Amino acid sequence: MKDLKKTVEQIIFESDTFAGKLFDILLIISILASVLVVMLDSIESYAAAYRPFFVAAEWFFTGLFTVEYIVRLITVAKPLRYALSFFGIIDFLATIPTYIGLFFPGGQYLLVIRVLRVLRVFRVLKLAQYIGEAELLIKALSASRRKIIVFIFSVLTIVTIIGALMYIIEGKANGFTSIPISVYWAVVTLTTVGYGDISPQTGLGQALATVVMILGFGIIAIPTGIVTAELTRAIGDQAKPFRVCPGCGSTLHDPDARFCKLCGHRIN
């Protein structure tokens, strides 16, 4: 029994074996197919013409993902730890909305059911755990989070100052009715979105807007450079393929680690 449990665990959580790769490929195809069904079901003409097919397909995928989730909980060494992990929650969200919809029959609850059905799009997030490169991206984002936070704080400071200046320069007569509205304009202009609902009318205001536009090009490149640098470093540090912890299913540990940094379970 223990050998069977270990074999199933390796197939589900590992991807360096033929059976594990085959399981991942089939699961990815199922995830993409289920998301496609959700999208097509949101189109009224398709929903009216193929309603029985969509219902049957939805219950098929719901049953499939439910079995997968239960097997993961059974085979993993620490079920609660996995259930509360990021991907454990995503697995739960991928199955529960269909079951909840059974308790909301009737036309008066149609909007609630539609919201619950939209939640099934969370299944697409399950794809991330089957792509090896996602591990590098997670490490790069985690390593650069402090720099990104400092950058965001600096940007917020800049747009607040620019918004206040624009409020003083343009004033209520030109649409800058308050500092928050002026800060909103600064954010839209700095990010080069440019909705055009508010625009400066005076020469000084237009000069300041020009500076903000030029500044926006440089600011957009900063977070990209930060993440790229950390991603390059993560690629260089990855001497071995990452391994999945059999205790909680996490991959957020060093390639040469013997124990999981999240749950302490020994890594084979």
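This is a predicted model: local features need pLDDT of at least 70, side-chain atom pairs count only at pLDDT 80 or more; totals for chains, interfaces and linings use all residues.
Visitor: What makes the 15 residues a nonpolar core?

Guide: Such a core is a set of buried residues of nonpolar kinds joined through side-chain atoms within 4.5 Å, so the name rests on burial and on those links. The largest one has 15 residues, and Val155, Val159, Ile162, Trp185 and Leu190 have the most contacts inside it. Two or more residues come from each of α10 (145-170), α11 (179-190) and α12 (203-237), with α10 giving the most, 5 residues.

Visitor: Which residues does tryptophan 185 touch, leaving aside its neighbours within four places in sequence?

Guide: Tryptophan 185 is in contact with Ile162, Met166, Phe176, Ile198, Ser199, Pro200 and Ala209.

Visitor: How do you know that the span of α10 is close to the expected one?

Guide: α10 has 26 residues and reaches 36 Å from its first C-alpha to its last, against the 38 Å expected at 1.5 Å a residue. Glycine 171 follows, with a positive phi near 80 degrees.

Visitor: What describes the packing of α2 and α4?

Guide: Two packed helices are described by the angle and the distance between their axes. The axes of α2 (residues 18-41) and α4 (residues 51-75) come within 10 Å and cross at roughly 145 degrees; the crossing is left-handed. Residues of the contact divide into 11 nonpolar, 2 polar and 4 charged.

Technical notes
Residues are numbered from 1 along each chain as its sequence is written. Side-chain values use heavy atoms; hydrogens and water are left out. Buried means under 20% relative accessible area, exposed over 50%, partly exposed in between (1.4 Å probe, protein chains only). Helices (H or I, at least four residues) and strands (E, at least two) are DSSP runs, numbered from the N terminus. Contact means heavy atoms within 4.5 Å. Axes are lines fitted to C-alpha atoms, for helices over the stretch in contact, and angles run from 0 to 180 degrees between N-to-C directions. A crossing is left-handed if the near helix is turned anticlockwise from the far one by less than a right angle, and right-handed if clockwise. Ala, Val, Leu, Ile, Met, Phe, Trp, Tyr, Cys and Pro count as nonpolar, Asp, Glu, Lys and Arg as charged, and the others, Gly among them, as polar. The expected span of a helix is 1.5 Å times one less than its number of residues.
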